[in-house]
Amino acid sequence: MSVAVLAGDPYDEALIAQVHPRDWVNPTPAPWYNLVVLGAGTAGLVAAGGAAQLGARVALVEEDLMGGDCLNVGCVPSKALIHSARAAWALREAEAAGILVDRSAWRVEGRAVFERLRRLRASIAPHDSARRFADWGVDVFLGRGRFTGPDRLEVNGATLRFRRAVLATGAGPRPFEVPGADRVEILTNHTVFALTELPPRLVIVGGGPIGCELAQAFARLGSKVTLVGRGPRLLSRDDPEAADLVAAALRRDGVALRLGSRIERIESPNGLTKRLTIRHEHGDQTETIDAEAILAAVGRAPRVEGIGLEAAGVAFDPVRGAIVDDYLRTTNRAIFAAGDVASPDKFTHAAEAQARLVIRNALFAPWGLGMGRASRLVIPHCTYTDPEVAQVGLTEGEAIARGFKLRVLVHEFAEVDRSVVEDETAGFVKLIAAARGDRILGATIVGRHAGELVGTVTLALTKGLGLATLSRLIVPYPTRSDALRQAAGVAEQAFLFSPGVHRWTRRWLSWVRG
Ligand SMILES: Cc1cc2nc3c(=O)[nH]c(=O)nc-3n(C[C@H](O)[C@H](O)[C@H](O)COP(=O)(O)OP(=O)(O)OC[C@H]3O[C@@H](n4cnc5c(N)ncnc54)[C@H](O)[C@@H]3O)c2cc1C
Ligand SMILES: NC(=O)c1ccc[n+]([C@@H]2O[C@H](COP(=O)([O-])OP(=O)(O)OC[C@H]3O[C@@H](n4cnc5c(N)ncnc54)[C@H](O)[C@@H]3O)[C@@H](O)[C@H]2O)c1
């Protein structure tokens with residue numbers, strides 16, 4: 001990411017004025033800091049802001065745009081794009097709801113869609129602004145930071161000495177290594193939101209969350225999208241049935257899926273059109289796909305190189321990132337790490353939760369007493385395709401792999417009145433529970449608002465609430481939350497209507513009847 005990859009319109013100028021003011025003057029460093037934070041994405045901002053508000057002397061170092069990926073080139077712009085795509089989709093589907101729309105009377109204005117995205121991004125930027133953090137007492141340094149020893153870091157020639165530090169440098173797009181990719185302009189999440197028009201044809205490489213969300217969004221907005229995936233299915237981290245529903249939805253929206261495919265080469269025969277040659281894993285034939293744009297969404301690489309981790313005594317691995325223990329301490333006990341740079345869960349809410357834990361462990365656990373464990377955090381995730389796919393705890397496959405004996409309790413949204421009346425019946429709630437007892441191990445939710453619904457199960461897992469509690473939850477009618485109660489209730493119903501219990505209830509009722 002760089003200020004240079006923004007589109008350069010007034011909204012981007014407004015964004016920069018907040019998160020990388022051009023006239024910013026770095027403060028004079030204090031002799032010592034309680035906490036120096038490297039990177040001002042979600043993890044860094046939460047760690048710095050929280051610590052400063054608790055009274056710590058804090059320095060925050062950012063080389064690019066404060067807010068990091070989430071604000072600038074991740075969650076915020078992608079969800080803004082998804083909103084526009086959904087509006088276009090709703091118009092196409094309006095007829096099914098009895099509303100006749102003249103198809104020739106509306107069209108997607110790509111320029112306006114991207115402008116809206118940048119306007120909303122700029123409107124959120126004050127939350128992450130340099131001024132806001134400075135007002136909280138944080139010394140904000142704009143510039144590239146680099147550790148120069150186990151207790152010091154350098155930025156623009158100034159040395160910041162620390163008792164504790166937080167490494168929060170995040171992750172960037174993983175290099176896209178296929179023949180020819182270095183000679184053709186390839187979009188990544190750093191550049192795709194700087195577009196000003198919709199590409200008529202777009203190839204997206206990668207079937208993870210970024211690939212799926214953006215493939216559907218661009219297709220709904222009118223681009224002819226092909227998604228090329230290496231694996232046999234989409235969303236390889238998630239439940240396979242959930243991934244199948246997403247694949248069906250993408251196909252329905254016009255996305256051509258080429259899964260299990262290997263890219264042989266990329267070229268640009270006339271300098272404008274880009275051409276991919278792919279080969280299916282199980283076939284001899286190659287296929288060529290032409291497009292105006294190619295987006296690589298092939299995973300994330302933690303930012304660990306060139307930042308002096310060797311000098312600081314912080315061990316790292318190019319794939320896993322900084323190596324941390326369960327208290328999020330690196331191999332230098334004074335340096336902690338939070339967010340994408342050290343976590344397999346590369347999500348904003350995970351970065352935020354880890355940063356909160358780091359404040360506690362780094363600043364309020366003298367001699368290591370009272371430190372909290374990262375493994376105790378219950379971290380859900382959700383992919384914002386339509387239908388959404390939300391997950392918390394173990395998937396069915398993960399629970400089996402760990403040797404659990406399971407009960408899998410499923411309730412389909414086709415059985416939920418609210419989903420039926422809104423014509424959105426695709427999806428299900430799947431609760432993964434231990435075969436005996438009440439314990440919930442995880443949940444997969446596929447459907448509209450799955451990301452909201454998963455919060456209830458996350459609370460149950462966090463507080464150790466079981467199936468019985470969930471099945472007695474009273475939810476407003478008609479809502480999709482009923483699916484959760486119904487799925488949990490399957491176990492209770494099976495007990496209540498089991499032959500033994502049924503025999504007993506009949507006898508009792510016959511006796512009281514007289
Ligand atoms: C397209 C896309 C969509 C996403 N959608 C979602 C979503 O819907 N929900 C969700 O939960 N997550 C989503 N994510 C993931 C989310 O954006 C990340 O998990 C989150 O931003 C991680 O925050 P972080 O603070 O760890 O790192 P980052 O946000 O990457 O911040 C790290 C910061 O450190 C700075 N930095 C690095 N090195 C240095 C240095 N040497 N000196 C100074 N500064 C440095 C960087 O410039 C950057 O600003 C999405 C990601 C992408 C790419
Ligand atoms: N809604 C969300 O929470 C959300 C949305 C977007 C991104 N994110 C975060 O960002 C991370 C990165 O997302 P992502 O989708 O880039 O990564 P990913 O690692 O989840 O998926 C990348 C996919 O690309 C495939 N791939 C890699 N090289 C390929 C090649 N040469 N040809 C074809 N396919 C190839 C991989 O097999 C994999 O399926 C996510 O894992 C998630 O943590 C979260």
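Select strand β21 (residues 406–412) together with β22: the two run antiparallel and are joined by 7 bridges. Strands here are DSSP E runs of at least two residues, and helices are H or I runs of at least four, both numbered from the N terminus; two strands pair if DSSP finds at least two bridges between them. Strands of a sheet pair through backbone hydrogen bonds, either parallel or antiparallel. The model is predicted, so local features require pLDDT of at least 70 and side-chain atom pairs count only at pLDDT 80 or more, whereas totals for chains, interfaces and linings use all residues. Residues are numbered from 1 along each chain as its sequence is written, while chains are lettered from A and ligands numbered from 1 in the order in which they are written.

Within this pairing, E412 has F428 of β22 as its bridge partner.

How much of strand β22 (residues 428–434) is buried? Of its 7 residues, 6 are buried, so the strand is largely enclosed by the rest of the structure. A residue is buried with 20 or more other C-beta atoms within 10 Å of its own, exposed with 12 or fewer, and partly exposed in between, the C-beta atoms being placed from the backbone.

**The domains**

Colour the chain by domain: domain 1 (10–173 + 301–376), domain 2 (181–298) and domain 3 (387–496). These bounds come from an automatic or database domain assignment. The centres of domain 1 and domain 3, taken over C-alpha atoms, are separated by 32 Å.

Now display the open sheet of 4 strands, whose order is β10-β9-β8-β14 with parallel pairing. β10 (256–258) and β14 (293–296) stand at the edges with a single partner strand each, so one side of each has no neighbour in the sheet. Direction ignored, neighbouring strands are turned by 20° against each other on average.

Inside the sheet, β8 and strand β9 (residues 224–228) run parallel and are joined by 5 bridges; L202 stands opposite V225 in β9.

**Ligand 2**

Centre on ligand 2, which is surrounded by 25 residues, the closest being G206, G208, R230, G299 and K346. A residue is near the ligand if its C-beta atom, placed from the backbone, lies within 6 Å. Helix α7 supplies the largest share of this shell, 4 residues.

**V192**

Move to V192, in the loop between β7 (171–173) and β8 (201–205). V192 has 24 C-beta neighbours inside 10 Å and therefore counts as buried. Not counting residues up to four places away in sequence, V192 touches L187 and L295, where contact means C-beta atoms, placed from the backbone, within 7 Å. The C-alpha atoms of V192 and A296 are 9.8 Å apart, although 104 residues separate them along the chain.

Definitions and conventions:
Contact = placed C-beta atoms within 7 Å. Axes fitted to C-alpha atoms, helices over the stretch in contact; angles between N-to-C directions.
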